[in-house]
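Dear colleague,

Please find the structure below, together with a short account of what was found in it. I would be grateful if you could read the notes with the structure open beside them.

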Amino acid sequence: MKLTCKVEVVNRLHTNLNIRSSGKYIKSTLAIGKEPKNDTEFFILHFSSVNKSGTKYKVKFIKQVFVKCLNEGKATIRFDDPPHDLCVKSEVVQLKSFLNLLKSCLTGDTKSLKISNLSSIGVTVKDNAPTKLIVASRADIPTKGFPRTLEALHMVGIKLHNFRRDILLLNRLTVLDLSNNEIEKIPYEFARMPTLSELYLANNALGEPANIDWRWLLGPQITKTLRLLDLSGNRLKDLPKDVWKLGNLVTFKLDKNMLEKIPASLGRIRNLRFLTLSQNNLKSLPCSLMQCRFEQLDLSLNKFENKDMKFEQENLSQWDFCIGSLVHMSAKIVLRNNIFYAPHIIPWTLVETLDNANVCICGRPVLNNVYLIKQYDFKDCFKLVTLLNNNVNSAIDFECYFCSPKCLLKCM
């Protein structure tokens, strides 16, 4: 059996001489084998890019195996001769299988096991475990599940109706392409994917359910790593207000949906550079988008109207835009100073209030939902942007929120 892992070799004699180890884990392979002439003599062979010839350790010289952090994918194998500690990091299931086999070798219970002779184990530093998989049809889906070493998985146009839950086990996955399928729902556990940076879900059916559960997109793990998100062609009618939690998102594709409105909180994603909104039913845009430093913005084939200087709600004074409750005033201070908040610190209703905050034309947070429709020429708003807009009129209505009377007067 071979185990693809990362290993740090610690020489205990160096520790006695106050010589510190480098502390670096090197990509390696551990293999268990037996001598051709002695079926009861087992070895562990360790080879890496640094040690291409490999180092052979006798299993009978193992002094102790430390498995306190086994569920984290870590273990340490201590040898008496040579006085080395092999500190191993690997995928949890594979590491457990390796250690179970090692235990069988130590106890002598190897009759039912098939262990290769040491001479037949190839010493190579090349990692043969697949990191990319393209599934062109359902027949290509592995019957035993996807390899845990996958970093990119493409399953395009194979008529998947349900999200495959074995994808949730791919902790190294960085690119996932499930475009051109018929997926309606993604489990909330998907938000725990630790390394996912590119997610392609174009031309599915995520907008079909009446109440969309967005927890799969807004979990604490995926919001830290996701850089590209493609939700084109999903018949989406709206987006969650707390989409701003995708703080590291650079590219966001929302073409060919049924969106009539974009949440104002979208402008809180400061890293957003590429936004495509073509072929939707948009009539206006939130003024928060003016705060984004776009490199490309596609607004073509929408239904923008011209309702310049119109209050969304009639009979409102300027104070209704700027003066809020004490809760709103306190929330502004929290948001302006980036004070950390969470449900275990403050009540959930306050967390929801902070999460749903809008953005003023000056970029500051606004807690009320009253806005003024103001018409701007998008060429003036996004001067350094590659704008794709085939509308005859270049003027677009913006939903303007205001944090103070000063900002309101500038817009009047």
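This is a predicted model: local features need pLDDT of at least 70, side-chain atom pairs count only at pLDDT 80 or more; totals for chains, interfaces and linings use all residues.

N180 sits in the loop that runs between β10 (175-177) and β11 (198-200). Although N180 is not a glycine, its phi is positive, at about 60 degrees.

For context, most residues other than glycine have a negative phi, and most peptide bonds are trans.

A positive phi is also found at N338, a residue other than glycine, where the value is near 55 degrees. N338 belongs to the loop between α5 (326-336) and α6 (348-355). With a relative accessibility of 68%, N338 counts as exposed, because the cut-off for that class is over 50%.

The backbone has a further feature to report at P82. The peptide bond leading from D81 to P82 is cis, and its omega is near -5 degrees. P82 is placed in the loop between β6 (74-79) and β7 (84-89).

R364 counts as partly exposed, since its relative accessibility is 45%.

With kind regards

Methods: Residues are numbered from 1 along each chain as its sequence is written. Side-chain values use heavy atoms; hydrogens and water are left out. Buried means under 20% relative accessible area, exposed over 50%, partly exposed in between (1.4 Å probe, protein chains only). Helices (H or I, at least four residues) and strands (E, at least two) are DSSP runs, numbered from the N terminus.
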